[in-house]
Amino acid sequence: MNSGFLLPDIEDDDAGPFWKGTARGELLAQTCADCGHRRMPPRPMCPVCRSLRHKWVPLSGRGTIWSFVVAHPPLLPAYQAVAPYNVITVALDEDPRLRLVGNLLARPDGLINEIDPASIRIGEAVRVVFQQVEDVCLPRWVRG
């Protein structure tokens with residue numbers, strides 16, 4: 001069933017291993033095999049040393065809220081049905097320059113519109129949880 005949400009291509013050459021990791025409940029970072037630089041989003045070449053060699057390294061799944069917005073209509077129909085909802089940017093503990101975008105949830109199986117946006121704080125500690133949406137396991141976040 002198509003939910004109407006815009007979802008990533010889990011077969012993408014560069015990001016496919018990231019999505020395979022989320023399906024296993026793992027948060028991974030593409031890491032240069034030569035200089036060790038972690039990068040997100042995944043891409044073919046290291047921006048530091050220009051190596052084309054990389055590996056995927058597990059992350060703790062912990063970070064802090066770096067920024068957030070609250071989406072309000074007008075939106076695409078699937079999103080309008082759950083608006084308003086939050087979208088947070090998380091700076092990961094391993095490297096605050098690594099940032100992921102997702103939603104803050106009240107609980108691991110929660111909805112993206114359950115959190116009162118007025119309660120969200122920049123710098124608040126969060127940890128990753130994974131939610132299945134169609135054929136994609138999306139990283140989302142809970143406090144803690």
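The legends below describe close-up views of a predicted model. Local features require pLDDT of at least 70 and side-chain atom pairs pLDDT 80 or more, while totals for chains, interfaces and linings use all residues. Residues are numbered from 1 along each chain as its sequence is written, and side-chain values use heavy atoms, with hydrogens and water left out.

**View 1. The aromatic pair F5 and Y79.** Three aromatic pairs are found in the whole structure (rings of Phe, Tyr and Trp, the last by its six-membered ring, with centres within 6.5 Å; planes under 30 degrees apart are stacked, over 60 edge-to-face and the rest tilted). The ring centres of F5 and Y79 lie 4.8 Å apart with the planes at 85°, so this pair is edge-to-face. It links distant parts of the chain: F5 belongs to the segment before α1 (16-23) and Y79 to helix α2 (residues 77-80), 74 residues apart (helices are DSSP runs of H or I of at least four residues, strands runs of E of at least two, both numbered from the N terminus). F5 is partly exposed, at 26% relative accessible area, whereas Y79 is buried, at 16% (buried is under 20%, exposed over 50%, partly exposed in between; 1.4 Å probe, protein chains only). Together with Y85, F5 and Y79 form one aromatic cluster.

**View 2. The aromatic pair F18 and W19.** This pair is edge-to-face, with 4.9 Å between centres and 85° between planes. F18 is buried, with a relative accessible area of 5%; W19 is also buried, with 15%.

**View 3. The largest pocket.** Its volume is about 770 Å³ (the space filled by probe spheres set on grid points joined across faces, edges and corners). A pocket is an open set of points on a 1 Å grid over the protein atoms alone, where a 1.4 Å probe fits, with protein on both sides within 12 Å along at least five of seven lines; lining residues have an atom within 4 Å of a point. Of the 29 lining residues, L6, G102, N103, L138 and R140 lie nearest the centre. β6 gives the most to the lining, with four residues.

**View 4. The open sheet β2-β1-β3.** Three strands are arranged in this order with antiparallel pairing (two strands pair if DSSP finds at least two bridges between them). β2 (38-39) and β3 (54-58) stand at the edges, each with a single partner strand, so one side of each has no neighbour in the sheet. Strand β1 (residues 28-32) pairs with β2 over two bridges, and Q30 stands opposite R39 in β2.
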